[in-house]
Amino acid sequence: MNNPISLPSYLTQSEAVRSRFERLKAREVILEVKQLGKVYKTTKGDVTALRDINFRTHRREFVCVIGPSGCGKSTLIRILAGLESHTSGDVLLDGKPVTGPGRDRGMVFQGYTLFPWLTVKKNVMFGLEMNNMGASEAAREAELWLELIGLEKFANAYPHELSGGMKQRVAIARALVNQPRILLMDEPFGALDAQSRARMQAHLLEIWRNIDITVVFITHDLDEAIFLADRILVLKAHPGEVQELIEVPAPRPRSAGQFTSPEFLATKARLEALIHPPQPVAEEEEEVKPHMIRFVNVADNVE
Ligand code: ADP
C-alpha cells in the first residue's frame, strides 16, 4: 500500500501508541476479509464496486471505514452483514464464511428502522422473541439493555415520541440484545444534528467500553472516524480498493477536548491528504490586460 503522507514519528513511535496497537493485534481475529470483490451486473454492463479488499478486525476493536462517495462503503458493510452477496474472495467471521444474515452480526442503519407500532421495549424484545425466547425473559433482557443505553424511562414510549438520537440508541440496543460478535453500523448518526451526533458518538464509545463487542462503522466524517476508531480503513474512489489502514494514535478514553490535540490534527491531515490528494495547479489565469477598459477613476487605485 502506498503511503503518501505519514504521521509524525513522535506520534507513531511513542511507546504508548506502539504497545497499544501491539496489544490490539495480539487479540483474536473476529473478522477477516480476504481478496473481497463485488461486481454488480446492470443493464448497462458490469459495475465493479469493490476490488481486492483485505483487512482483519480484532476482538473489541473499533474500525471505521471512510472513502469518497460511491467507493463501495455501503456495499462492503452490506456484504459483511450478509445482506448482499460478494463475487470474489472471502468474508470470515470467527473463521467461518459469511453466507447470509445471522445473529452473530448486529446492524444499525442511518435511517430510523424501529417498528413504529411497537413500544421501545417491544422493539428491543422483537429479535429475542423471533429467536424463541419466552416473553418474560425477553422483557427482562430488553430492560437491561434499555438501562445500558439510558432509556429505561422510555420503555413504554413509541418511536415517534423519541428524538433522532434516542431512536438510534434504541436501534443500538436492538442490535446488541442478540449478543452479536460484531456490530455493523452504516452512517448511523448521519441524519442527526451536530450536537446530537456528538452526544451519540460519546455514548457509543461508552457502550463499546462496557461490553465485549467489535465494531465496523461507516462514515464520511473524518472527525467522527478519528474520535471513534482504533484503526481507519480508507477506501479509494470507485472501484473501492483499500488505500490504507491507519492506526489512530489519539489515546483513550476519547474526549471532545482531543479534537485539537496533535494526534488528532495529524491524523486528520493524513486522512485529508489520502482522500483529497493535492491536485495539479490549474493553468495560470490569464493576466489582466493593461488595455482593459476601466470603470473607475485612475486615481482611485486599490491595492
Ligand atoms: P458508497 O456507500 O461508498 O457511497 P456504494 O456501496 O453505495 O458506495 O456504491 C459503490 C458503487 O456500486 C457505486 O458505483 C454504485 O453506483 C454501485 N452500486 C451500488 N449498489 C448497486 C446496485 N444495487 N446495482 C448496481 N450498482 C450498484
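Here are some notes on the sheet, the aromatic pairs and the salt bridges of this predicted model.

1. Let's start with the sheet. Six strands make up an open sheet with mixed pairing, in the order β6-β7-β8-β3-β9-β10. The edges are β6 (105-108) and β10 (242-247), each of which pairs on one side only. On average, neighbouring strands here are turned by 15° against each other, ignoring direction.

2. Within that sheet, have a look at β3 (residues 62-66) and β9 (residues 231-235): the two run parallel and are joined by four bridges. Isoleucine 66 is the residue standing opposite valine 234 in β9.

3. Now the helices. Helix α7 (residues 194-210) packs on the sheet and touches β3, β7 (182-186) and β8 (214-218). Its direction makes about 140° with that of β3. Helix α9 (residues 262-275) lies across β3, β9 and β10, and runs at about 180° to β10.

4. On to the aromatics: searching the whole structure turns up seven aromatic pairs. One I'd point out is phenylalanine 115 with phenylalanine 126: the ring centres are 4.7 Å apart and the planes are at 65°, so this pair is edge-to-face. Phenylalanine 115 sits in the loop between β6 and α4 (120-130), while phenylalanine 126 is in helix α4, eleven residues apart.

5. Elsewhere, Phe62, Phe189, Trp208 and Phe217 form one aromatic cluster.

6. Salt bridges next; the structure holds 21 of them. Arginine 181 and glutamate 28 meet through their side chains at 3.5 Å, N to O. Arginine 181 is in the loop between α6 (164-176) and β7, and glutamate 28 in the loop between α2 (15-26) and β1 (29-42), so this pair ties together parts 153 residues apart in sequence. Arginine 181 is partly exposed at 25% relative accessible area, as is glutamate 28 at 39%. Both also belong to a salt-bridge network with Arg59, Asp94 and Asp212.

7. Two further salt bridges. Arginine 252 pairs with aspartate 230, with the closest N and O atoms 3.0 Å apart. The arginine lies in the loop between β10 and α9 and the aspartate in the loop between α8 (222-228) and β9, so parts 22 residues apart in sequence are tied together. Aspartate 230 is buried at 4% relative accessibility, whereas arginine 252 is partly exposed at 25%. Aspartate 46 bridges to lysine 41, the closest N and O atoms being 3.3 Å apart; lysine 41 is exposed, at 69% relative accessibility.

Conventions
Residues are numbered from 1 along each chain as its sequence is written. This is a predicted model: local features need pLDDT of at least 70, side-chain atom pairs count only at pLDDT 80 or more; totals for chains, interfaces and linings use all residues. Side-chain values use heavy atoms; hydrogens and water are left out. Two strands pair if DSSP finds at least two bridges between them. Axes are lines fitted to C-alpha atoms, for helices over the stretch in contact, and angles run from 0 to 180 degrees between N-to-C directions. Contact means heavy atoms within 4.5 Å. Rings of Phe, Tyr and Trp (its six-membered ring) pair if their centres lie within 6.5 Å; planes under 30 degrees apart count as stacked, over 60 as edge-to-face and the rest as tilted. A salt bridge is a side-chain nitrogen of Lys or Arg within 4 Å of a carboxyl oxygen of Asp or Glu. Buried means under 20% relative accessible area, exposed over 50%, partly exposed in between (1.4 Å probe, protein chains only).
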